[in-house]
Amino acid sequence: MSLAITIELGDADLQHFIDAMQRSQQEAKNLSPQQIAEAASRLLVDGHANKLPQFIADRLQKLDSMIAMVNDDGFALPEEDKQRVLACLTYFANPQDIIPDHVPVLGFLDDAIMIELCVKELQHEIEAYEDFVAYRRQEAAAHGVDPASLKTRRVEWAEARRLELIDRMRKRRGQSYQSSGGWRPVLFSFRG
């Protein structure tokens, strides 16, 4: 049996998390990007060491993606985007979070909520990174190598996606002409 629970955060609730994030960012201002990522990674280690509810474990997986995105040289986040991700990670790098992590079950609840807020904020970056990782896995499988050994770069992924979009556009155009009774554009035709 599963049970769906919806938590609605009002403006005051959100402000509570915003204030906690700002405190964390202030306290982490002297940390290097590597130190922030390593400290946030410790939360993952602590989470795996505890028996957590699945809804919290699922959110920790998203935290793992954020950390990997910052550390992935192949993805090479532009500096502005990297700073946004690091700003989110500072909360998880701070041992003084809202609910101490050593409190059974509930200790990671504030982290799960903050991860949800960060995922919402970084939705496009996370989706792009997950697509990049999937592309790298496909390329590794096609070449019969371990994905970690493949030095796939962001530009290769972007070029592959560009070519896919062009191919999809051409196929749709062809299907459109076929489904409309063979009509072909006359005004925009070109001689080649």
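Begin by selecting helix 5 and helix 6, the latter formed by residues 123–143; their axes come within 5 Å and cross at roughly 80°. Since angles of 65 to 115 degrees count as roughly perpendicular, helix 5 and helix 6 are therefore roughly perpendicular to each other. The model on display is a predicted one.

Next, show the side chains where these two helices meet. On the side of helix 5, select Val119, Lys120 and Glu121; on the side of helix 6, select Gln123, Glu125 and Ile126, which they contact. Coloured by class, the residues of this contact divide into two nonpolar, one polar and three charged.

Remain on helix 6 and select arginine 136, which lies in this helix. Is arginine 136 buried or exposed? Its relative accessible area is 13%, and arginine 136 is buried because the limit for that class is under 20%. To see what surrounds arginine 136, display Asp72, Tyr129, Pro147, Leu150 and Thr152; these are the residues that arginine 136 touches when those up to four places away in sequence are not counted.

Now zoom out to the whole chain. The secondary structure of the protein comes to seven helices and zero strands. Read from the N terminus on, the elements run α-α-α-α-α-α-α. The protein has 192 residues, of which 31% count as buried. Among the contacts in the protein with a separation of 6 or more, 63% are accounted for by residues 24 or more positions apart.

The tour continues with the pockets. Rolling a probe the size of a water molecule over the atoms shows where empty space is left.

Select Ile5, Ile7, Phe55, Arg59 and Glu116 to find the largest pocket; of the 16 residues that line this pocket, these lie nearest its centre. The largest pocket holds about 550 Å³ of space. When the lining of the largest pocket is coloured by class, 12 residues are nonpolar, one is polar and three are charged.

Move on to the second largest pocket, where about 240 Å³ of space lies. Its lining can be displayed by selecting Leu14, Phe17, Ile18, Met21, Gln22, Gln25, Ala87, Cys88, Met114, Leu117, Cys118 and Glu121. Helix 1 (11–27), helix 4 (79–93) and helix 5 are the elements that give two or more residues to this lining. Which helix gives the most to the lining of the second largest pocket? That helix is helix 1, with six residues. By class, the lining of the second largest pocket has nine nonpolar residues, two polar residues and one charged residue.

For the last stop, select serine 24, which lies in helix 1. Serine 24 counts as buried because its relative accessibility is 3%, with the cut-off set at under 20%. Which residues are in contact with serine 24, leaving aside its neighbours within four places in sequence? Display Thr90, Tyr91 and Asn94 together with serine 24 to view these contacts.

Methods: Residues are numbered from 1 along each chain as its sequence is written. This is a predicted model: local features need pLDDT of at least 70, side-chain atom pairs count only at pLDDT 80 or more; totals for chains, interfaces and linings use all residues. Side-chain values use heavy atoms; hydrogens and water are left out. On a 1 Å grid over the protein atoms alone, a cavity is a set of points where a 1.4 Å probe fits but cannot get out, and a pocket is an open set with protein on both sides within 12 Å along at least five of seven lines; lining residues have an atom within 4 Å of a point. Grid points are joined across faces, edges and corners, and a volume is the space filled by probe spheres set on the points. Ala, Val, Leu, Ile, Met, Phe, Trp, Tyr, Cys and Pro count as nonpolar, Asp, Glu, Lys and Arg as charged, and the others, Gly among them, as polar. Helices (H or I, at least four residues) and strands (E, at least two) are DSSP runs, numbered from the N terminus. Axes are lines fitted to C-alpha atoms, for helices over the stretch in contact, and angles run from 0 to 180 degrees between N-to-C directions. Angles under 35 degrees count as roughly parallel, over 145 as roughly antiparallel, 65 to 115 as roughly perpendicular and the rest as oblique. Contact means heavy atoms within 4.5 Å. Buried means under 20% relative accessible area, exposed over 50%, partly exposed in between (1.4 Å probe, protein chains only).
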